[in-house]
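Please read this briefing alongside the sequence and the structure shown here. The points are grouped by topic.

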Amino acid sequence: MDQPSMVYTTFPDDDSARKVAKALVEEGLAACVNLIPGMRSVYRWEGEVAEAGEIVGLVKTRKGLTREVEDRIKALHPYDTPFIAHLAVTDMETGTLAWLMAQTGADARRAP
């Protein structure tokens, strides 16, 4: 059986975060996307130090879908280079695991 996985990404605003999250869930690429507002990021971009508010997106998916999740995030994201990290999930409560797998299985998949 495929393994659970999480994908971490960030968004500049609520509208773009919700757009990506909704697409991932509707297309069966994610069982859920947690959107956590209120993060402040300090970063270097194009040689300058910048600061901005961002929204964290935690995508609950399966390992076999992480590259497709990454591709959809890139296609829908307003950043030229969105931060996307794949986080291994080594253990999960069995009921939650069954739900995640059902929501991201072949029967749940829909083309964009």
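For charges, Lys and Arg count as positive and Asp and Glu as negative, while His and the chain ends are not counted; a charge is placed at NZ of Lys, CZ of Arg, CG of Asp or CD of Glu. On that basis, the mean positions of the 13 positive and 17 negative charges of the protein lie 3 Å apart. This is a predicted model, in which local features need pLDDT of at least 70 and side-chain atom pairs count only at pLDDT 80 or more, whereas totals for chains, interfaces and linings use all residues. Residues are numbered from 1 along each chain as its sequence is written, and side-chain values use heavy atoms, with hydrogens and water left out.

**Fold**
- The protein has 3 helices and 4 strands (DSSP runs of H or I with at least four residues, and of E with at least two, numbered from the N terminus), in the order β-α-β-β-α-β-α from the N terminus.
- Its C-alpha trace spans about 45 × 30 × 20 Å along the principal axes.

**Aromatic pair**
- Y8 and F83 form an edge-to-face pair, with 5.9 Å centre to centre and 80° between the planes (ring centres of Phe, Tyr or Trp, the last by its six-membered ring, within 6.5 Å; planes under 30 degrees apart are stacked, over 60 edge-to-face, the rest tilted).
- Y8 belongs to strand β1 (residues 4-11), and F83 to the loop between α2 (66-76) and β4 (84-88), 75 residues apart.

**Residue R72**
- R72, in helix α2, is buried at a relative accessible area of 19% (buried is under 20%, exposed over 50%, partly exposed in between, with a 1.4 Å probe and protein chains only).
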